[in-house]
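Reader: Please pick one part of this model and go through it closely. Then carry on to whatever else deserves a look, with the cut-offs for each term.

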Amino acid sequence: MVRVMLVDDEKIVIDSLQFIIEKNFENVEIVEVARSGREAIEKIEYIVPDIVFMDIRMPGINGIEAIKEIKKRHKSIIFIVLTAFDQFEFAKESVNLGVFEYLLKPVSRTKIVEVIEKAIETIKAEREKRKLELELKEKLETVLPILEHGFIYSMILFEDNYKELLNYKELFDIEENGDYVMTMEFGEEENGTLENKIGYSVRSQGFYPFFRDTINMIRRCIVGPVMLNRIVVFVPCESNADEFTARLEAVAFAEKLFLKLSERLNCGLKIGIGRTYDGFESLGNSYEESLEALRGLTTVGVMHYMDMPNVTSRSQGYPLHREKLLLQKVSAGDVEESIEDLNYLFDWLVREYGDQPLKIKNKLLEIIFLVYRMAWESGMEEDTNEVFFLEKMLSMKDMSEVRLWCKRRVEHVAQQIRSSRENRAGTLTKKAKEYIDANYAKSITLEDVAREINVSPQYFSKLFKEETGKNFIDYLTNVRISAAKKLLSQGRLSIKEICYHIGYSDPNYFSRIFKKVVGVPPTEYKE
């Protein structure tokens with residue numbers, strides 16, 4: 001039903017409009033009439049119509065001023081101006097106010113009906129649009145927690161997910177240039193620790209919606225899933241404040257949250273806060289710091305990483321997540337990205353400890369030892385020329401020389417691991433081919449070959465395709481058809497016998513496959 005209000009100081013005009021509307025529309029209801037602008041403003045506060053017919057010249061507040069006043073509070077109402085005054089200024093003002101139609105008295109019944117029909121179509125379109133928006137919002141509210149959980153997982157896994165995180169930033173419409181991480185832990189308090197983690201992991205499913213809503217009522221955050229008895233929260237913020245101010249704001253937010261949650265959750269609660277960083281590249285740092293802050297709490301409450309002993313003098317946290325990424329890339333044999341991560345770590349160390357070269361060298365040695373340990377664990381042969389790392393590192397005076405030496409070490413290990421993987425892949429493919437060539441006459445499957453070379457079927461399928469350019473079935477088919485062609489050319493066996501001899505159990509199927517591969521059926525090929 002469409003609700004209409006009529007505003008005119010002439011009763012005959014109101015009666016005429018009422019007659020036309022009631023005569024021509026079943027789905028239109030006249031909910032109110034008014035004889036002045038002031039009366040219209042007052043009544044619309046209680047009865048909000050969809051359409052208002054408004055005269056301009058009325059005693060007291062005129063129609064234009066009334067529309068202005070009503071529009072301040074009710075922007076969606078459609079106004080149709082009906083006036084006897086053909087003045088340009090009135091028409092211009094009506095256009096500026098977004099009036100739907102400007103009609104001059106006297107106006108025909110047909111025109112009134114036409115304008116109302118047009119307004120009804122507009123109202124229907126707006127209602128449908130609003131309905132779709134609400135449905136979309138409802139669906140988004142269902143999907144949003146899943147997306148938020150994906151964001152948190154991408155953040156804490158320490159993989160190279162920077163591009164994915166940027167996509168999430170755009171998806172969540174995050175405009176702030178800074179961020180930090182809070183980690184919350186809950187359970188039964190016992191001597192400063194929170195026990196019964198599994199029990200509270202189960203209980204948390206009941207209070208998680210309240211938990212998430214409470215956080216977002218205080219400020220907009222991205223809330224992660226329950227992981228045992230912990231929940232990780234990403235907090236976007238502006239990073240232009242100094243460290244101390246940013247810390248105070250983060251602690252104030254956490255303490256407010258702690259109080260609100262403690263009022264409703266019958267359990268012990270700890271909140272650890274990491275530092276504020278620019279962008280997403282150091283999110284892993286803030287997460288690690290929030291865990292350290294949690295470990296530093298001896299009882300329930302809130303702890304910021306920078307309030308812990310022995311860390312307040314540090315300006316920026318060591319990018320541990322980039323070190324982990326470096327080791328991941330070396331382990332994968334990715335030379336280029338390994339060097340990129342090494343350069344990032346080197347630049348950070350020089351920036352932080354430029355006046356302490358020995359400290360820089362010590363950390364770089366630690367990284368190189370980790371890289372070589374990974375090489376040893378992967379089965380790479382020890383390079384006897386690279387044993388005396390400490391002596392070589394200490395003898396270097398120039399930092400560019402140190403960078404080059406570290407780069408060569410990382411490059412060497414990553415290349416060796418890549419070569420080792422490629423050689424192993426080649427060996428596995430060769431063994432697979434040998435097994436297929438020796439057993440094609442049997443009913444062998446991809447799983448049989450994978451078991452023979454001791455890898456999973458999924459890995460074997462991917463590896464075989466990459467190495468040979470053919471999938472397992474195509475390769476096996478080619479081997480069998482090649483054997484069939486040889487037997488057909490000898491002419492000693494029938495087509496049926498050849499079919500069974502090369503591993504097929506159905507002569508008709510064999511003939512179809514043969515024709516598909518060779519271009520002619522076996523009978524023609526034999527002739």
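**A loop residue, then the charged side chains**

Author: Leu228 is partly exposed, with a relative accessible area of 43% (buried is under 20%, exposed over 50%, partly exposed in between, with a 1.4 Å probe and protein chains only). The model is predicted, and local features are given at pLDDT of at least 70, side-chain atom pairs only at pLDDT 80 or more, while totals for chains, interfaces and linings use all residues. Residues are numbered from 1 along each chain as its sequence is written, and side-chain values use heavy atoms, without hydrogens or water.

Leu228 sits in the loop between β8 (222-227) and β9 (230-237); helices (H or I, at least four residues) and strands (E, at least two) are DSSP runs, numbered from the N terminus. Its phi is near 60 degrees, a positive value in a residue that is not glycine. Together with Ile198 and Val202, Leu228 makes a nonpolar surface patch of about 320 Å². Patch members have over 30% relative accessible area and no salt bridge; like charges are joined within 9 Å, and nonpolar side chains (Val, Leu, Ile, Met, Phe, Trp, Tyr) within 5 Å. The areas come from the Shrake-Rupley method with a 1.4 Å probe, and for residues only the protein chains shown count as cover.

Asn454 also has a positive phi, about 65 degrees, although it is not a glycine. Asn454 lies in the loop between α15 (446-453) and α16 (457-468) and is exposed, at 66% relative accessible area.

Now the charged side chains. The structure holds 27 salt bridges, each a side-chain nitrogen of Lys or Arg within 4 Å of a carboxyl oxygen of Asp or Glu. One of them pairs Arg127 with Asp50, with the closest N and O atoms 3.0 Å apart. This pair links distant parts of the chain, 77 residues apart: Arg127 is in helix α5 (residues 109-156) and Asp50 in the loop between α2 (37-44) and β3 (51-54). Arg127 is partly exposed at 39% relative accessibility, while Asp50 is buried at 17%.

Glu323 and Lys363 form another salt bridge, their closest N and O atoms being 3.3 Å apart. Here helix α10 (residues 320-331), which holds Glu323, is linked to helix α12, which holds Lys363, across 40 residues. Both partners, Glu323 and Lys363, are buried.

Helix α12 (residues 357-377) also contains Lys361. Lys361 is buried yet has no salt bridge, and the nearest side chain of opposite charge, Glu401, is 8.0 Å away (Lys and Arg count as positive, Asp and Glu as negative; His and the chain ends are not counted). What does the side chain of Lys361 reach instead? The backbone oxygen of Met396, at 2.4 Å. Leaving out residues up to four places away in sequence, Lys361 touches Met393, Leu394, Met396, Met399 and Val402, where contact means heavy atoms within 4.5 Å.

Lastly, a backbone detail: the peptide bond joining Lys105 and Pro106 is cis, with omega about -10 degrees. Pro106 is in the loop between β5 and α5.

How values were computed:
Polar contact = N/O pair within 3.5 Å; in protein donor to acceptor, adjacent residues only side chain to side chain.
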